[in-house]
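Trainee: I would like to learn how to read a few features from a model. Could we take them one at a time?

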Amino acid sequence: TNIAKVKGSGSKFSLDATEVPRGSGTGFVWDDVGHIITSYHVVRKASNLKVTTIDQSAYTARLIGFDEDKDVALLQVQDLEAMKKFRPIKAGTCKTLLVGQKVLAIG
């Protein structure tokens, strides 16, 4: 999942408005109701957020919460239909890990 911070742009003398990407980063789908986990520095001071999936579909999202010290943010995708297509990450637990076992840390 790609997260983009966008800003509206245009001349105050023109009605033409465009969106200009202001930053981007990655994230992952946490659950089946459209929550996305990303880094806070990716979305800090964002006025508009877009989530783009691997199939290049783009969805508007809003910031639900964050912890600046831990650099983590929670987004919510606004498209109810899109949430049906999302596949949440399968979170594990460290209780069953063994020495030498492969793990994946995100972030």
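Trainee: Which backbone oxygen does the side chain of Thr38 reach?

Mentor: Bear in mind that this is a predicted model. A polar contact is a pair of N or O atoms within 3.5 Å. Here the side chain of Thr38 reaches the backbone oxygen of Thr26, at 2.7 Å.

Trainee: Is Thr38 buried or exposed?

Mentor: Buried means under 20% relative accessible area. Thr38 has 4% relative accessibility, so Thr38 counts as buried. Thr38 lies in strand β3, which covers residues 35-38. Across the protein, buried residues make up 30% of the 107 residues.

Trainee: In what order do the elements of the protein run?

Mentor: Counting gives two helices and six strands. From the N terminus on, the order is β-β-β-α-β-β-β-α. As for contacts between residues at least 6 apart in sequence, 51% join residues at least 24 apart.

Trainee: Which residues have the most contacts inside the largest nonpolar core?

Mentor: In soluble globular proteins, nonpolar side chains tend to be buried together. The largest nonpolar core in this model has 14 residues, and those with the most contacts inside it are Ile36, Val43, Val51, Leu75, Val77 and Phe86. At least two residues of this core come from each of α1 (40-43), β4 (48-52), β5 (58-67) and β6 (72-77).

Trainee: What does Val77 touch, not counting residues up to four places away in sequence?

Mentor: With those neighbours left out, Val77 touches Gly34, Ile36, Val51, Tyr59, Thr60, Ala61, Ala82, Met83 and Phe86.

Terms used:
Residues are numbered from 1 along each chain as its sequence is written. This is a predicted model: local features need pLDDT of at least 70, side-chain atom pairs count only at pLDDT 80 or more; totals for chains, interfaces and linings use all residues. Side-chain values use heavy atoms; hydrogens and water are left out. Helices (H or I, at least four residues) and strands (E, at least two) are DSSP runs, numbered from the N terminus. Buried means under 20% relative accessible area, exposed over 50%, partly exposed in between (1.4 Å probe, protein chains only). A polar contact is a pair of N or O atoms within 3.5 Å; within protein, one must be able to donate a hydrogen and the other to accept it, and residues adjacent in sequence count only if both atoms are side-chain atoms. Contact means heavy atoms within 4.5 Å. A nonpolar core is a set of buried Ala, Val, Leu, Ile, Met, Phe, Trp, Tyr and Cys residues joined through side-chain atoms within 4.5 Å.
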